[in-house]
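Me: I am new to this structure, and I would like to learn how to read its features step by step. Could you take me through it slowly?

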Amino acid sequence: MASEDGISKLPDDILICILSRLTIKEAAKTSILASRWRYLWTFFSGCLDFNDLVYMKSFGPLGDGRDPRSLRCIDQVLGSLKVKDQSLEELRICLDIDPNCDVDSWLKFAIQKRVQRLDLQLWLCKSEWYNFPSHFVSRSLTSLRLASVYLNKEGLENLLCHCPFLEVLTLEKIRILTSIRVSGLSLKLNYLQLDSLVKLKDHLEVDVSNLISFEETRFGLSTTCFEPVPILADEMLREGCFSLSFVPDDVFGRLRTLKLEIRNMPEAVFYSIPELPNLKHLDISFHIYTYGFFPCVAFLKA
């Protein structure tokens with residue numbers, strides 16, 4: 001006697017919830033189980049992760065052996081998903097893309113599906129970069145990572161203004177961006193990470209009352225303004241000889257975690273490190289043949 005299929009007796013909403021815990025490829029493959037399962041995967045609400053073209057070669061009913069480099073599978077998957085009451089947890093696209101890819105439609109999908117976490121890392125040829133829209137608006141986004149795209153100061157300010165629930169922001173290898181101002185009492189931003197912003201030359205201003213973690217990799221930054229951040233918990237400063245000198249003493253006094261990568265930092269800086277009364281975790285990386293143990297002694301004394 002065949003065993004009874006208890007899973008198929010579950011309501012559609014529960015089955016969709018189960019499918020949403022799988023990868024989109026695994027969820028799509030369930031469409032061949034039975035007629036009832038054929039379209040359940042199209043209500044997927046989990047994490048859409050497009051970061052491996054070979055992995056995306058076959059997406060269940062969409063896989064027909066086509067060349068994955070065409071990237072058409074992304075458009076097909078996004079076009080197959082239904083917009084339902086629940087939002088999509090995450091959309092992650094980290095790929096080398098064709099200049100003809102319709103990235104705007106991917107962002108439109110993210111807005112329509114009320115994506116909570118968006119990770120967009122796009123690589124084109126050296127002379128071409130995707131222009132992230134300056135009018136992007138999302139009331140569902142809580143986490144955003146942008147890498148290797150064009151985004152100017154006005155676009156960033158619009159982003160912060162029209163994504164009111166944004167808590168995590170990572171900007172990496174952003175072209176055009178020469179100055180940054182992250183400020184406003186209404187911002188819910190908790191985590192800010194800036195990495196390899198090669199055009200950042202003017203100034204960086206951070207004034208967010210909710211900020212608890214700030215990580216930065218600097219390249220040629222000349223002026224920095226850190227406004228009072230009451231509950232600042234973490235600060236990572238790398239790659240810059242100006243890093244320590246532009247952080248006010250009161251900010252250091254609030255730090256609980258400090259991660260520091262020391263390169264080309266003048267020795268005189270180590271004689272003026274302010275007290276770190278609340279520090280619980282210290283992580284220092286430096287070249288011992290250049291500095292000896294002097295950085296360790298200086299920071300432990302502080």
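Reply: Let us begin with burial: a residue is called buried under 20% relative accessible area, exposed over 50%, and partly exposed in between, using a 1.4 Å probe and protein chains only. This is a predicted model, in which local features need pLDDT of at least 70 and side-chain atom pairs count only at pLDDT 80 or more, while totals for chains, interfaces and linings use all residues. Residues are numbered from 1 along each chain as its sequence is written, and side-chain values use heavy atoms, with hydrogens and water left out.

Me: Is Gln-121 buried or exposed?

Reply: Gln-121 has a relative accessible area of 7%, so it counts as buried.

Me: Which residues does Gln-121 touch?

Reply: Contact means heavy atoms within 4.5 Å. Setting aside residues up to four places away in sequence, Gln-121 touches Arg-92, Ile-93, Cys-94, Leu-95, Arg-145 and Ala-147.

Me: Is Ser-143 buried or exposed, and which residues is Ser-143 in contact with?

Reply: Ser-143 is buried, because its relative accessibility is 17%. Apart from neighbours within four places in sequence, Ser-143 is in contact with Gln-116, Arg-117, Leu-118, Leu-166 and Val-168.

Me: Where do Ser-143 and Gln-121 lie?

Reply: Strands (E, at least two residues) and helices (H or I, at least four) are DSSP runs, numbered from the N terminus. Ser-143 belongs to strand β5, residues 143-147, whereas Gln-121 lies in strand β3, residues 117-123.
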